[in-house]
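Welcome, and thanks for opening the viewer. Keep your selection tool handy, and we will go from stop to stop together.

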Amino acid sequence: MDFKYDVIVIGAGHAGCEAAAASANLGSKTCLITMDMNKIGQMSCNPAVGGIAKGQIVREIDALGGYMGLVTDRTAIQFRMLNRSKGPAMWSPRAQCDRGKFIWAWREILENIPNLHIWQDTVEELLVENGEVTGVITCWGVTFHAKCVILTAGTFLNGLMHVGPKMLAGGRCAEPASYHLTESIARHGIEYGRMKTGTPVRIDARSVHFEHMDTQDGENDFHRFSFISEPRKLKQLQCWTCFTNDEAHEILRQGLSESPLFNGQIQSIGPRYCPSIETKIVTFPDKPQHQLFLEPEGESTNELYLNGFSSSLPMNIQIEALKKIPAFKDLVIYRPGYAIEYDYFDPTQLKHTLETKAIKNLFMAGQVNGTTGYEEAGGQGIIAGINAHINCHGGEPFVLGRDEAYIGVLIDDLVTKGVDEPYRMFTSRAEYRILLRQDDADMRLTEKAYKLGLVKQDRYNMLCSKREAVQGIIEYTKNFSIKAALINDALEKLGTAPLTRGCKLMDLIIRPQITIASIAEYIPSFKAYLDKITDRKEEIIEAAEVLIKYQGYIDRERMIADKIHRLESIRIKGKFDYNSLNSLSTEARQKLVKIDPETLAQASRIPGISPSDINVLLVLLGR
């Protein structure tokens, strides 16, 4: 072994796995360095993937040729499509996974990718010469040389865990933290801070009174995370729900003086949208109960995850409070919940490629950039891996726009706005969410990945076949004429108004009461046309139906996005000495100097930059 690589990836979490796979699949000689090869792709908190907006990110990772969707489908023990009562822009896939099988599915994939090596070790020092990264040194004294390094260390950088007054160094329960690396990076002028996250107790299923809980079943239809997965193979399990109560809240309140979050022991900021149970009772003192979700950790284990009860309170208080809930009156746990503090780096120090501005060819992805969640990490990882390969071998930087992907929204938010708390993706963060639906991630992104070389010919052929089939259905409905006398009985059965005159089939499908599948039962020629579709029929029909029903909204949003693109094309980087522009507000000058945006559109999204500041820049550009 010569320990010389194109790309080195530090950390084998969700960002690291996607980054290493992407760079290696594109042809870069890659080494993935991890503390423990048996924890590759470990789901540190909930063994679930997806959710609102997060599910869309996983579909995008898959469309780009990544693996999170494939691994999730292969190890899923429950699948649900969230927000089905809302429009398709809000539909979000979510799957509960078998934690152990998820790890081994990832490891099997990574071990069989050409150009990819795995090394078990801890990186302690970053090597930099003349402002450019050259490699790393590990705790075993091994020196790796590389053209690019991708840091995806998760919560391990100077990680510190809290259970009540007890503090224990570590990056995860029973796993050591990583020391010295943060300081090694910071000495080159990169700023860092501290953040906090947490995880709940793990419960022994044999101690739970399920008769006091409501069941939550999954769905077993055609929906999956990956556009190329086979149907789910593992046994599909149910989850359960229950609520906290006043008795439990009272015990939690009495223990607040021992809470690291409220007694000053933890100084850093935690995720606003995934608060601890003690934060909930303080923030919402009048709320008599909070919903809890009990979820299986695997296909054949008794270990259960208590979603909604994240806590860093002393162990005895956690247990005592839970025992006041009828379902947990005889509670036995595997381990208590804990909080963890860790180092992160201000993401405004990054380019949109996720390369740092201060150190050439050093990339960062995942929680080290101030995000929270496996999906956000994976999305950053694949972009970092692609761009690290490009830096090694040449090519145009690969950046996704806000109207192209949730991944584009995520990275633009991080780089442009920065973070003051762990960043979590929501559909509300995307101004073009009708364009960024989970059903069309492949239509948006797979051709881009094919041009990069990350998606191979067979996958691209599948996309072309799907696109042709979807368009075929749309054209059929646009041209097929319906006579009122022949369809009105069917319309009455479907609960919609009869026709007074003939129309095109598309005009009927637009009605909310009608679906392609339901109306096809009454139009034999249309049903016969659909029956000719043999591969992924349901997926194709759903994609066509969404486009038919929502085309007006889609067109309007595309028009708005195209207008904003005019600002995206106006490049301003290097054209101004912002400190000398007295016509700008003081805040605007400070923010523009710090972020140094690439385009006028990026400048407009920086907090503190007003429309009048943008107008000033436009006028100066005109001069």
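## A walk through loops and cysteines

Start by selecting Leu354, which counts as buried at 1% relative accessibility. As you look around, keep in mind that this is a predicted model. Leu354 sits in the loop that links strand E18 (338–345) with strand E19 (362–364). Its backbone is worth a look too: phi of Leu354 is near 75°, a positive value in a residue other than glycine.

Next, select Asn130. Which two strands does the loop holding Asn130 lie between? Asn130 belongs to the loop between strand E7 (123–129) and strand E8 (132–138). Here again phi is positive in a residue other than glycine, with a value near 55° for Asn130. Is Asn130 buried or exposed? With a relative accessible area of 83%, Asn130 is exposed.

Now turn to the cysteines. How many disulfides does a search of the whole structure find? The search finds zero.

Select Cys173 together with Cys45 to see one case. The closest cysteine sulfur to that of Cys173 is in Cys45, 12 Å away, which is too far for a bond. Cys173 itself counts as partly exposed, at 33% relative accessibility.

For the last stop, select Cys392 and Cys148. The cysteine sulfur nearest to that of Cys392 belongs to Cys148 and is 3.8 Å away. Cys392 is in no disulfide, because a disulfide needs the two sulfur atoms within 2.5 Å. Cys392 counts as buried, at 14% relative accessibility.

How values were computed:
Residues numbered from 1 in each chain as written. Predicted model: local features only at pLDDT ≥ 70, side-chain atom pairs only at ≥ 80, totals over all residues. Heavy atoms only, no water. Buried < 20%, exposed > 50% of the residue type's maximum accessible area, 1.4 Å probe, protein only. Helix = DSSP H or I, 4+ residues; strand = E, 2+ residues; numbered from the N terminus.
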